[in-house]
Amino acid sequence: MSDQQKNATAYWKENVKYLSILLAIWFIVSYGCGILFKDALNEIRLGGFKLGFWFAQQGSIYVFVILIFVYVRIMNKLDKKYGYDE
């Protein structure tokens with residue numbers, strides 16, 4: 001296996017690792033906070049709304065958008081690390 005192939009394999013392994021972590025965070029926030037933990041979160045109010053309801057309606061979308069920006073930043077660093085930046 002050439003150095004370029006090893007580099008590409010390491011790049012994709014790290015990419016999949018970061019992607020898995022970010023998707024797990026999104027799953028926990030959207031499914032966990034919006035559905036599983038909603039009763040406990042409903043004890044807290046955010047802007048007059050119960051926190052469980054807020055996560056189910058808007059919070060998971062906000063977290064998803066933030067995770068997109070985090071992913072872009074991580075990928076830019078990863079591209080530079082492995083020499084794939086433009």
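Trainee: How many salt bridges does the structure hold?
Mentor: This is a predicted model, and each salt bridge in it is a side-chain nitrogen of Lys or Arg within 4 Å of a carboxyl oxygen of Asp or Glu. Side chains of opposite charge can pair when their charged atoms come close. The number of salt bridges in the structure is 2.

Trainee: Which residue meets Glu14 in a salt bridge?
Mentor: Glu14 lies in helix H1, and the other residue of the pair lies in helix H3. The N to O distance between the two side chains is 3.2 Å. The partner of Glu14 is Lys81.

Trainee: How many residues apart in sequence are the parts that this pair ties together?
Mentor: The salt bridge joins the side chains of Glu14 and Lys81. Glu14 belongs to helix H1 and Lys81 to helix H3, so the pair ties together parts whose separation in sequence is 67 residues.

Trainee: Which residue forms a salt bridge with Lys38?
Mentor: Lys38 is partly exposed, with a relative accessible area of 34%. The closest N and O atoms are 3.1 Å apart, and the partner of Lys38 is Asp39.

Trainee: How far apart are the end C-alpha atoms of helix H1?
Mentor: Helix H1 covers residues 3-36, which makes 34 residues. At 1.5 Å a residue, the helix should span 50 Å. The distance in the model agrees with that: 46 Å.

Trainee: Which helices are included in what covers the buried residues of H1?
Mentor: The buried residues of H1 include Tyr11, Leu22 and Val29. The cover over the buried residues of H1 includes one helix at residues 38-41 and another at residues 51-82. These are helices H2 and H3.

Trainee: Which residues is Asn15 in contact with, leaving aside its neighbours within four places in sequence?
Mentor: Asn15 is found in helix H1. It is buried, with a relative accessible area of 5%. Once its neighbours within four places in sequence are left aside, the contacts of Asn15 are Tyr71, Met75 and Leu78.

Trainee: Is Ser60 buried or exposed?
Mentor: Ser60 has its place in helix H3. Leaving aside neighbours within four places in sequence, Ser60 is in contact with Trp26, Val29, Ser30 and Phe55. Its relative accessibility is 12%, and the limit for burial is under 20%. Ser60 therefore counts as buried.

Trainee: Which helix gives the most to the nonpolar patch?
Mentor: The nonpolar patch lies on the surface and has about 800 Å² of accessible area together; Leu19, Trp26 and Phe64 are among its residues. H1 and H3 each supply at least two residues of the patch. With 6 residues, the helix that gives the most is H3.

Trainee: What is the relative accessibility of Val72?
Mentor: Val72 is found in helix H3 and is one of the residues of the nonpolar patch. Val72 counts as partly exposed, because its relative accessibility is 42%.

Trainee: Which residue's backbone oxygen does the side chain of Thr9 reach?
Mentor: Thr9 is found in helix H1. At 36% relative accessibility, Thr9 is partly exposed. Its side chain reaches a backbone oxygen at 2.8 Å, and that oxygen belongs to Gln5.

Technical notes:
Residues are numbered from 1 along each chain as its sequence is written. This is a predicted model: local features need pLDDT of at least 70, side-chain atom pairs count only at pLDDT 80 or more; totals for chains, interfaces and linings use all residues. Side-chain values use heavy atoms; hydrogens and water are left out. Helices (H or I, at least four residues) and strands (E, at least two) are DSSP runs, numbered from the N terminus. The expected span of a helix is 1.5 Å times one less than its number of residues. Buried means under 20% relative accessible area, exposed over 50%, partly exposed in between (1.4 Å probe, protein chains only). Contact means heavy atoms within 4.5 Å. A polar contact is a pair of N or O atoms within 3.5 Å; within protein, one must be able to donate a hydrogen and the other to accept it, and residues adjacent in sequence count only if both atoms are side-chain atoms. Patches are made of residues with over 30% relative accessible area and no salt bridge: like charges are joined within 9 Å, nonpolar side chains (Val, Leu, Ile, Met, Phe, Trp, Tyr) within 5 Å. Accessible areas come from the Shrake-Rupley method with a 1.4 Å probe; for residues, only the protein chains shown count as cover.
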